[in-house]
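Trainee: I have a structure open and would like to learn how to read it. Where should I begin?

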Amino acid sequence: LRFRLLLIVLLALLPAFGLALYNAAEQRHIIESQAQEDALDIAQSLANHQNELVEGARQMLFVLAQLPVIRGDDDLACKAYLTELKANNPRYMNIIKWDLQGNMLCDAANSPLPHQSPFPEHLEVIIEKMDFVINGFVISPHTNERALSMGFPVLDDNGKPQNILLAPVHLDSLNQLLTQADLPEDSTITLRDGDGTVLARYPQPGNWVGELDPDMQA
């Protein structure tokens, strides 16, 4: 009799156990779905911010390449103009005008002169493409600041390149977006360029930015 009573009680409790298991599974599904939605939102926010940085640099460099103060030979006037421009646009690590041989003519950050480009290959690509170019990740040899470098050619009246403009953009804002995001515990997000170089990462961006993403090397 005792066994039968126990069996009846267990049978009566089975639906409750089943419901509890179903609710737990459903709750896990909801949490996982929400985490995926949050990750997609963060990824979209990062992509939008990066696109805004790139498009802003492209438009600025295009306009600069048309200005007489940039196209002319007065390097002091060029420097004064770029310095003021950078002061109003702190996202840029520097704004630089080079000649075709990689000699710096003027910039916005008081770089030491004479000054040869530490990235001559970037200038060569811009001359070759004759258009806006995202050069990729760079580290300033003077300040060790990390940036995403972009460039645009300055053309003469015959449409031939006469100078080159570069505008490296600080990467701090990308990492700040990740730091401010309400990420689930133990989350990892990485933003990298086409070569697999990490541009932003959460957590510990300082240990990763500028390094090759190990997931790309696997």
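**Reading the chain and its salt bridges**

Mentor: Begin with the elements: the protein chain has 6 helices and 8 strands. Keep in mind that this is a predicted model.

Trainee: In what order do the elements of the protein chain run from the N terminus on?

Mentor: The order is α-α-α-β-β-α-β-β-β-β-α-β-β-α.

Trainee: What percentage of the residues of the protein chain count as buried?

Mentor: Of 218 residues, 34% count as buried. The chain exposes about 13400 Å², and carbon and sulfur atoms supply 55% of that area.

Trainee: How do I read contacts along the sequence?

Mentor: Take the contacts between residues at least 6 apart in sequence; in this chain, 47% of them join residues at least 24 apart.

Trainee: How many salt bridges does the structure hold?

Mentor: First the general idea: side chains of opposite charge can pair when their charged atoms come close. The structure holds 4 salt bridges. One of them pairs R91 with E52, with 3.3 Å between the closest N and O atoms.

Trainee: Where do R91 and E52 lie?

Mentor: R91 is in the loop between α3 (75-87) and β1 (96-98), while E52 is in helix α1 (residues 2-64), so the pair ties together parts 39 residues apart in sequence. R91 counts as partly exposed, at 30% relative accessibility, and E52 also counts as partly exposed, at 38%.

Trainee: Which residue forms a salt bridge with R58?

Mentor: The partner is E55, and the closest N and O atoms are 2.8 Å apart. R58 has a relative accessible area of 32% and is partly exposed; E55, at 32% relative accessibility, counts as partly exposed.

Trainee: What is the distance between the closest N and O atoms in the salt bridge of D107 with K79?

Mentor: In that salt bridge of D107 with K79, the closest N and O atoms are 3.7 Å apart. This pair links distant parts of the chain: D107 lies in strand β2 (residues 104-107) and K79 in helix α3, 28 residues apart.

Trainee: Is D107 buried or exposed?

Mentor: Check the cut-off: buried means under 20% relative accessible area. D107 has 2%, so D107 is buried.

Methods
Residues numbered from 1 in each chain as written. Predicted model: local features only at pLDDT ≥ 70, side-chain atom pairs only at ≥ 80, totals over all residues. Heavy atoms only, no water. Helix = DSSP H or I, 4+ residues; strand = E, 2+ residues; numbered from the N terminus. Buried < 20%, exposed > 50% of the residue type's maximum accessible area, 1.4 Å probe, protein only. Contact = heavy atoms within 4.5 Å. Areas by Shrake-Rupley, 256 points an atom, 1.4 Å probe, with all protein chains shown as cover. Salt bridge = Lys/Arg side-chain N within 4 Å of Asp/Glu carboxyl O.
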